[in-house]
Amino acid sequence: MITRDYAWNLLNEYNKEPFHIQHALTVEGSMKYFSKKLGYEYESEFWSIVGLLHDLDYEMHPDQHCSKSQEILNSLGVNKRLIRAVASHGYGLCLNEQPKPEHNMEKILFAIDELTGLIGAASKMRPSKSVMDMELSSLKKKFKDKKFAKGCSRDVIKQGAEMLGWELDKLLKETILAMRSCESYIINEMKIYNN
Ligand SMILES: [Fe+2]
Ligand SMILES: [Fe+2]
C-alpha cells in the first residue's frame, strides 16, 4: 500500500493545474468523511488515497482517462484494489470500458465526483463562499437548475445515489457534510500549494 506522501508526489507529477489539485484534495477529504460515516474508519487512509488519485491521468491524458491511470499505477506496482477503485469512477463514462463500482468505496467515489464539483460551484455563489452555511434546499435548487454548472452531470449523480441505494437527498446532504469536514483544510493546503 502506498503512503499519502507517495500519492501526493505522484499527483503533482501528473497535475499542474491548481483546479485539478483542489478537486483531488476535495475528493480525498470527502472520501475520508464517508469512510468514517459508513464504518470503514480502519481503511480511511485507503479511501482518501483513492480520492486523491482518482483523476491522476486526466490533465495529461484526457482521451485516455482512467485507462492511462491504470497503466501508470500498474507500472509502479500499486495495490490492485486501489487501481480498480480509481478506474471504476469512469464506469460507463470513459472511452474504454472501466470496472463497475462494486465496493462501497467505489460507489461513493462514483457518486461524489461530479457532486463535489456542483457543491463547490454552488458554494462560490454564496456570500460566505463556503459550504459551512449551505443548506440542502439551496443545493437542490442548484441541482435542478440545468443551466447552473452544466459540466456536473446530474445523471451521474443520480446513478451514484442509485448504486448506493440512497435517496438523492441523502447523498446531497451527506456530501455537503463531507465537504464541510474538509473545507478549512483544503483552503490551507491550497494556500501552501499556491505559494
Ligand atoms: Fe474522472
Ligand atoms: Fe474527478
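**Burial, metal and core**

Tutor: Tyr14 is buried, at a relative accessible area of 17%; buried means under 20%, exposed over 50% and partly exposed in between, with a 1.4 Å probe and protein chains only. This is a predicted model, where local features need pLDDT of at least 70, side-chain atom pairs count only at pLDDT 80 or more, and totals for chains, interfaces and linings use all residues. Residues are numbered from 1 along each chain as its sequence is written, chains are lettered from A and ligands numbered from 1 in the order written, and side-chain values use heavy atoms, with hydrogens and water left out.

Student: Which helix does Tyr14 lie in?

Tutor: Tyr14 lies in α1, residues 4-14. Helices are DSSP runs of H or I with at least four residues, numbered from the N terminus.

Student: And what does Tyr14 touch?

Tutor: Not counting residues up to four places away in sequence, Tyr14 touches Leu56, Glu59, Met60 and Ile72. Contact means heavy atoms within 4.5 Å.

Student: New topic: which residues are the protein donors of the iron ion (ligand 1)?

Tutor: Asp55 (OD), His65 (NE2) and His89 (NE2), which lie 2.1 to 2.2 Å from the iron ion (ligand 1). Donors are N, O and S atoms within 2.8 Å of the metal (3.2 Å for Na, K and Ca), and sites may look incomplete because water is not among the atoms.

Student: Where do His65 and His89 lie?

Tutor: His65 is in the loop between α3 (44-53) and α4 (67-75), and His89 is in the loop between α5 (80-88) and α6, so the pair ties together parts 24 residues apart in sequence. Both histidines are buried.

Student: How far apart are the iron ion (ligand 1) and the iron ion (ligand 2)?

Tutor: They are 3.8 Å apart, and Asp55 coordinates both.

Student: OK, Glu174: buried or exposed?

Tutor: Glu174 counts as buried, because its relative accessibility is 11%. Its place is in helix α9, and beyond its neighbours within four places in sequence Glu174 contacts Tyr33, Phe34, Lys37 and Trp166.

Student: What covers the buried residues of α9?

Tutor: The cover includes α2 (18-37), α6 (104-124), α7 (136-144) and α8 (154-164).

Student: Last one: how many residues has the largest nonpolar core?

Tutor: The largest nonpolar core has 55 residues, and Leu53, Leu82 and Leu171 have the most contacts inside it. The largest share of this core, nine residues, comes from α6. A nonpolar core is a set of buried Ala, Val, Leu, Ile, Met, Phe, Trp, Tyr and Cys residues joined through side-chain atoms within 4.5 Å.

Technical notes
Helix = DSSP H or I, 4+ residues; strand = E, 2+ residues; numbered from the N terminus.
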